[in-house]
Amino acid sequence: MAILLLDLVLIIGLARGLGALVQRFGQPAVIGEIAAGILAGPTILGANLSSTIFPDYVTPPLTVLANIGVIVFMFLAGIEVDHRQIGGRSGTIVAIALSCFAASFVLGCAVAMWPLARHQPGNRFVFVLFVGCALAVTAFPVLARILQDRGLFSTPLGQLSMGSAAFVDVQAWCALAVVFALARPEFDAHRRLLLLLPLIVVLWWGVRPVLARISSSGGRETVTITLGISGAMVTAAATEWMGLHLIFGAFLFGIIFPRSQRPVVEPGARVVSTIFLPAFFVCAGLQANLSGLDRAAWGEAIVILVAAVTGKLGGTYAAARLCHIDNRTSAALAALMNTRGLTELVVLNAGLAIGVISSQVYSILVLMALVTTAMTAPLLTAFGVERSELSGGNPTRAIPVLGYLSRIPRYKIPGR
């Protein structure tokens, strides 16, 4: 217990410190937090020193704390999905999201069938589908944070990217639900999966109205926070028992939670997430060993990175241009959709836990998530998308190779 508590304090301090450090360079804090997890693992410290600081008997309770942090994180991710952005706007969001997801998914499947063929486990079909889903994920919460930090959240670009990312994540979670169901072929688990649809029906038409009634009655803040976190844990337990993963239940409960209570429940939930989520980064980092990658694996990492970036940027840009969005905004939107961050790690950790991917593929995909998330801010600067421009100031000059984009008019969807 003493070592567990000391390790937890060390983890929180390391994650917060590196998160604050990378923010000074215009990067989201999650980059530093992911780097903290990798730093604590065998990649940097080596297997012996890493296992001394985080001995084997500390890993199980640390994993439990990490799962609590992930449940709260996915609950917050569900709360941030605005139903109106998905269903209340034109087909622009749907078209962009479908194109972005499809392009990334297809390229991911192609990469899994060829460059990663030597890493395939027993079920090749599940492996291919999982890699496709992993490349298609967009880190919705990290995207929201990037937009807020750059003053873009309330702009047309910000709202369009948020709506598109939400719809992409909905597609990704649905596809991952199928993948995890196929990865657990036990008959009993398949029978339990039949309860998923009734669970969704009960949550949407039963629990959601009750929560709305409670929120309208003006309940105490502590009651609302407790209700939100406890409900996320219950639904997470339900989907875990069904043979899926706890992340699905927590995300579902966040989606049905009253949006009017978001300002109340979010600060308390973020405190819980701040304490326990860093443990997830270390648990993820302990399983990622980039120093163990051979020359072939580094070549595979480059191929995966190219496929991940091409799928997101190409799919998003093409759909945005077909929807009559100007060049620069289409490019900026593509850069934003390329953000993966923590959501990617949650997906990868779940895939590794149930044996869909090997530890080496896991390490390669963690590296891909780190690089693609770090690319977002520089790409936005390259495309000339800055706070001063959107607030009415002088446009910021773009990087020379993309300078022509700064002369293109600002975002405007015809007829809107």
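**Close-up 1. The salt bridge between E300 and R118.** In this predicted model, E300 forms a salt bridge with R118, and their closest N and O atoms are 2.6 Å apart; a salt bridge is taken as a side-chain nitrogen of Lys or Arg within 4 Å of a carboxyl oxygen of Asp or Glu. The pair links distant parts of the chain, 182 residues apart, with E300 in helix α15 (residues 295-322) and R118 in the loop between α6 (91-113) and α7 (124-136). Helices are DSSP runs of H or I with at least four residues, numbered from the N terminus. By the salt-bridge rule, the count comes to four. Residues are numbered from 1 along each chain as its sequence is written, and side-chain values use heavy atoms, with hydrogens and water left out. Because the model is predicted, local features need pLDDT of at least 70 and side-chain atom pairs count only at pLDDT 80 or more, whereas totals for chains, interfaces and linings use all residues.

**Close-up 2. The packing of helices α11 and α12.** Helix α11 (residues 196-216) packs against helix α12 (residues 221-241) at an angle of about 170°, with the axes 13 Å apart; axes are lines fitted to C-alpha atoms over the stretch in contact, and angles run from 0 to 180 degrees between N-to-C directions. That makes α11 roughly antiparallel to α12, a term for angles over 145 degrees. L199, L203, L211 and I214 in α11 meet L227, T235, A238 and T239 in α12, where contact means heavy atoms within 4.5 Å. The residues of this contact divide into six nonpolar, two polar and no charged (nonpolar: Ala, Val, Leu, Ile, Met, Phe, Trp, Tyr, Cys and Pro; charged: Asp, Glu, Lys and Arg; polar: the others, Gly among them).

**Close-up 3. The largest pocket.** About 660 Å³ of space lies in the largest pocket, a pocket being an open set of points on a 1 Å grid, with protein on both sides within 12 Å along at least five of seven lines. Its lining comprises 27 residues, of which A29, E33, R145, R270 and L277 lie nearest its centre; lining residues have an atom within 4 Å of a point. The largest share of this lining, eight residues, comes from α14. By class, the lining has 15 nonpolar, five polar and seven charged residues.

**Close-up 4. The second largest cavity.** This cavity has a volume of about 40 Å³, a cavity being a set of points where a 1.4 Å probe fits but cannot get out. Residues lining the second largest cavity include I34, F281 and Y362.

Note on methods: Helix = DSSP H or I, 4+ residues; strand = E, 2+ residues; numbered from the N terminus. Parallel < 35°, antiparallel > 145°, perpendicular 65-115°, else oblique. Points joined across faces, edges and corners; volume = space filled by probe spheres on them.
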